[in-house]
Amino acid sequence: MSETIQLDIVTPEKKIFSDKGIESVTVPGIEGDMGILPNHIPIITFLKSGKIFIESSGKQISYFISDGVLEFNNNLLTILASEIYDLESISAKDIEYLKIKAKEKNSKQDLTDNEIFLANKFQEEVELLSSSK
Amino acid sequence: MATLKDLRNRIKSVKSTQKITKAMKMVAAAKLRKAQERAEKGRPYSDKMNSIISNLKNSITDINSAPKLLVGNGKDKIHLCVVMTADRGLCGGFNTNICRKARTFFNEIIKAGKELKIITIGSKGNDQLKRVYGKYIIDKISFKDLKQITINESDQVTSKIIEMFNNEQFDICTIFYNKFKSVISQEPQAQQIIPIQSNEETIGNEQDKASYEYEPEEEEILENLLPKNISTQIFKAFLENAASEQGSRMSAMDNATRNAGELINKLTINYNRSRQAVITKELIEIISGAESL
């Protein structure tokens, strides 16, 4: 049994991250934050907006994700993200863009409760992000 | 026989055509690299999405309660065909190949007595199809003004398609696009996206895989994921199409440049010969004139 996870983060446009020496990953699951360690049971879940923390050999990498899908099977973790940014290198422009997106999502009509919750959460996270920068 | 001046003009015009095709070839080559990169980078996402969906499909036990987008609504009376082509010409057989593929498919549908609806994306496809199938075309979409297609555009198309599906305006949806294989070879594809057609082989392999834990419920995941999947598939088609278009244009322009070169060589030989002939004729005239004195 391997003691590390292979993690792939992909967006429709490209592969953002791919590494196999990952020790733990923390993701904002739709029903609460979730930590994934090696040999986790297979799982498929949605992600809401928030931060992803990746831990590998003492280093920590963090990303901001707007929403996505996560699949874990056989120590292979795949995150399909629609928007994702490295927190180290996120620029003011990216944050501006996210803000516009958040506003758009929030102003849509006839949303279900779930969608409203996600849109609000997204806006909250983006504002948090911009104030911390 | 053409005069010297005619020949000179011809050579000049062919040369300027060659310059244009050469420039277009180089532009296409530069764009191709970018488009190809995008298409290749986009593949993992759509592949992963596909594997998740097929995993989910296997875990569904009750077919009747499954979302309609996945299994279809049980009918196959009305076919919606989305034909994706380029907005620009001069790219070899690119647009024609897609249209030919689509046409064969249309004819089969019409022959089988089913109803046909067509959406064209890209103006060239619309131009080619409207003459014969004009009355079936219900919508035409063009992203001519955009420099680069992003996921937003495919979302737009997707929401239109899904809305139509929910209103029961069609039963089966197929998209037509060119799959990028290499610079010189592109393959026109017909891919059924509603209901999702899954490869029998992959299903067999997935079955012995571990069962997943779902958060939230499977149905809810499926319901959210399916539109996303369709959008991803359409986006993939956009990317493949963009790469194919540039590849096709590059090889077409390369051919044109080479042909122009050949033509110039031939014309130049012709020109030199007739020039020589004129000189010889003049010489003969002078000599015979001198002799008669």
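**Note on the interface of chain A and chain B**

1. Chain A and chain B bury about 2,400 Å² between them, with 62% of it on carbon and sulfur atoms. Buried area here is the accessible area (1.4 Å probe) that two parts lose on being put together, summed over both. On the side of chain A, Pro12(A), Ile44(A) and Phe46(A) lose the most area to chain B, together 27% of what that side buries.

2. This is a predicted model, in which local features need pLDDT of at least 70 and side-chain atom pairs count only at pLDDT 80 or more, while totals for chains, interfaces and linings use all residues; side-chain values use heavy atoms, with hydrogens and water left out. Residues are numbered from 1 along each chain as its sequence is written, and chains are lettered from A and ligands numbered from 1 in the order in which they are written.

3. In contact terms (heavy atoms within 4.5 Å), 29 residues of chain A touch 29 residues of chain B.

4. The rule finds two salt bridges across the interface of chain A and chain B, a salt bridge being a side-chain nitrogen of Lys or Arg within 4 Å of a carboxyl oxygen of Asp or Glu. The side chains of Asp8(A) and Lys48(B) form a salt bridge at 3.6 Å, N to O.

5. Which elements of chain A each supply at least two residues of the side that touches chain B? They are β1 (5-10), β5 (43-47), β8 (68-73), β9 (76-81) and α1 (92-107). Helices (H or I, at least four residues) and strands (E, at least two) are DSSP runs, numbered from the N terminus. β8(A) gives the most to this side, with five residues.

6. By class, the side of chain A that touches chain B has 14 nonpolar, seven polar and eight charged residues. Ala, Val, Leu, Ile, Met, Phe, Trp, Tyr, Cys and Pro count as nonpolar, Asp, Glu, Lys and Arg as charged, and the others, Gly among them, as polar.

7. β5(A) and strand β6 (residues 213-215) of chain B run parallel and are joined by three bridges; strands pair if DSSP finds at least two bridges between them. Ile43(A) stands opposite Glu213(B) in β6(B).

8. Ser132(A) lies in helix α2 (residues 113-132) of chain A. Ser132(A) counts as exposed because its relative accessibility is 54%; buried means under 20% relative accessible area, exposed over 50%, partly exposed in between (1.4 Å probe, protein chains only). Ser132(A) and Pro12(A) are 120 residues apart in sequence and 28 Å apart in space, C-alpha to C-alpha.
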